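Colleague: Please take a close look at one part of this complex for me. I would like to see how one chain meets its partners.

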Amino acid sequence: MRVLKTPSRAPRIRVHSWRMVLPRLVSGPSVQYLESAVKSLFVPSYQIFLKDSSSELRTRYALNALFMFVVTALSIILFSLGSESVSSDVLAGMLWVIIFFSSMSGLSRTFVAEEERGTVQTLQLISRPSAVYVGKLTFNFALTLSLNVVIALLYLLLVNGFAVQTPSIFWATLVLGSCAIASSSTIIAAIIAKAHTRGTLYPVLSFPIMLPMLITVIKATQLSMEGAFFSEALEEFQILISYTVVLVAVSAVLFDFVWRD
Amino acid sequence: MDFLAEHQLYIVLTIVLIIWVGLGGYLLRLDGKVTKLEKSVKK
Amino acid sequence: MPRYFLAKLSLLLWLTGVIIAGIAMPMVPSPERWFELPIIPALEQKARIIFFHVPMSWTTLVAFIASTVYGIMFLKTKKLDYDLRSVSAAGLGTVFCVLATVTGSIWAKFNWGSFWNWDPRETSIFVLLLIYGAYFALRSAIEVDEKRATLAAVYSIIAGVTAPFFIFVMPRIMTGLHPGAKGDEGGSTPVAQLHMPANMRVVFFASIIGFTLLYFWLFSIRVRLARIESSSEQS
């Protein structure tokens with residue numbers, strides 16, 4: 001009688017390595033919970049982030065268009081300013097106008113591209129809605145941050161009269177502002193991806209939500225140009241951080257409703 | 001003319017009251033029509 | 001004959017009384033009798049607008065909150081009736097918002113010199129107007145009933161999370177023209193530290209109550225009409 005041999009399984013190294021990393025003091029159930037959280041949330045969302053960034057970097061159409069948009073907006077502003085010197089308040093506001101409109105043209109791509117390519121249902125099948133949300137949010141964070149750094153550098157170089165006296169406030173505002181923009185725009189992008197007139201609807205829906213953040217960020221930039229101390233801008237940073245936290249929390253809960261058909 | 005200049009506030013009041021009474025009467029009529037519609041739909 | 005006819009008629013009479021009191025109560029430099037209002041320097045007769053402008057902005061806030069709450073109820077229960085109520089509340093909120101903005105900017109012209117100043121509270125009513133506009137734009141872009149209701153509810157919740165920051169926090173921490181801004185201890189809605197003489201306060205609160213009840217009545221008419229419409233569409 002031939003006994004069928006069960007195929008010998010290769011040891012699952014991935015699971016065991018996590019167990020080796022965590023200290024022995026942690027008890028069984030919480031380790032399993034952490035494992036399941038990592039496997040069902042963080043790993044898929046990281047993979048979605050990788051998928052989005054690699055597909056955007058591979059065919060650089062969208063990134064090129066975004067970059068050209070930034071260059072065009074900046075050129076229009078430089079052209080209309082001419083050789084006139086404008087007050088620093090106006091210049092601070094202009095920077096964030098460019099940032100806002102560049103975000104509006106670039107950030108809805110994560111969801112709209114899925115609809116256009118028809119990959120929405122595949123994505124719905126293979127991962128939890130929260131994983132999709134975290135992945136897309138991370139992608140938007142990365143995109144906004146890099147975009148805003150590029151815009152800020154170009155602006156600093158090209159616009160005369162824009163002198164930042166407290167660089168720490170300026171760059172901190174840029175980073176926190178990018179996080180805030182990404183957090184509000186991701187959920188709105190998810191909403192409009194299901195609607196019809198996507199392009200025009202996106203800024204219309206986003207602007208009222210972003211306005212408190214824009215006011216804070218412009219004020220902080222003005223503070224950085226006046227040469228205020230870092231501690232004076234702490235109020236603005238608190239507002240930005242709480243805005244981001246609140247929006248991410250609310251969007252994480254609401255995303256389920258938007259994503260499901 | 002003097003009368004009008006002197007009692008401006010009361011003229012404003014009269015105009016506002018006329019508009020308001022008109023609106024109120026319209027609201028009551030609208031409500032009556034909706035109630036009638038509701039009853040006819042329920043039947 | 002509408003139901004609760006007497007209640008509605010008395011509401012209309014109540015508001016008529018508010019209008020007459022607001023416009024006709026005489027303003028004298030030192031009020032002595034119960035129906036005399038004090039003259040506020042630099043405002044004089046134009047101060048009467050407070051009886052109408054503030055209650056209207058209060059009502060638009062009530063409508064906004066109602067719209068968000070009905071949105072949440074829809075997401076929980078999936079009953080389209082809640083969505084009907086959410087739209088009706090939003091429509092009324094828009095009307096009152098426009099009225100509040102217009103009366104506010106007329107008052108601003110008299111009081112502070114120009115029609116619009118980007119004062120924090122003015123900005124907040126403008127943002128509310130934008131939110132309503134965005135809400136209706138979103139609704140008109142989706143055709144499937146359930147999807148439209150879901151997305152509109154989600155958007156109204158997100159707006160409901162960011163708007164209170166505008167309406168309650170910012171006007172108090174930033175300097176501005178409205179009373180209650182940083183540096184001015186006059187007090188403002190919804191904190192009722194109004195520094196008004198007693199008889200003025202009576203008219204003011206009567207106006208707020210009257211406008212709120214008027215809002216509920218208009219809301220019920222709109223919802224009933226919308227229900228009839230949707231039930232006749234189905235049959």
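**Chain C and its partners**

Modeller: Start with the side facing chain A. Here 22 residues of chain C are in contact with 19 residues of chain A. Two residues are in contact if their C-beta atoms, placed from the backbone, lie within 7 Å. The elements of chain C that give two or more residues to this side are α4 (120–140) and α5 (145–173). Helices are DSSP runs of H or I with at least four residues, strands are runs of E with at least two, and both are numbered from the N terminus. The largest share, 13 residues, comes from α5(C). By class, this side of chain C has 19 nonpolar, 2 polar and 1 charged residues. Ala, Val, Leu, Ile, Met, Phe, Trp, Tyr, Cys and Pro count as nonpolar; Asp, Glu, Lys and Arg are charged; the others, Gly among them, are polar.

Keep in mind that this is a predicted model: local features need pLDDT of at least 70, side-chain atom pairs count only at pLDDT 80 or more, and totals for chains, interfaces and linings use all residues. Residues are numbered from 1 along each chain as its sequence is written, while chains are lettered from A and ligands numbered from 1 in the order in which they are written.

Now turn to chain B. On this side, 16 residues of chain C are in contact with 17 residues of chain B. The elements of chain C that give two or more residues here are α1 (5–24) and α6 (198–234). α1(C) gives the largest share, 7 residues. By class, the side that touches chain B has 10 nonpolar, 3 polar and 3 charged residues.

How far does the predictor trust this? The complex gets an ipTM of 0.80 and a pTM of 0.83. Residues 183–193 of chain C have a pLDDT below 50. Beyond near neighbours in sequence, that stretch has 15 contacts in the model.

Chain A has 10 helices and 0 strands. Of its 261 residues, 36% count as buried. A residue is buried if 20 or more other C-beta atoms lie within 10 Å of its own, exposed if 12 or fewer, and partly exposed in between, with C-beta atoms placed from the backbone. Among contacts in chain A between residues at least 6 apart in sequence, 83% join residues at least 24 apart.

Definitions and conventions: pLDDT = per-residue confidence, 0-100.
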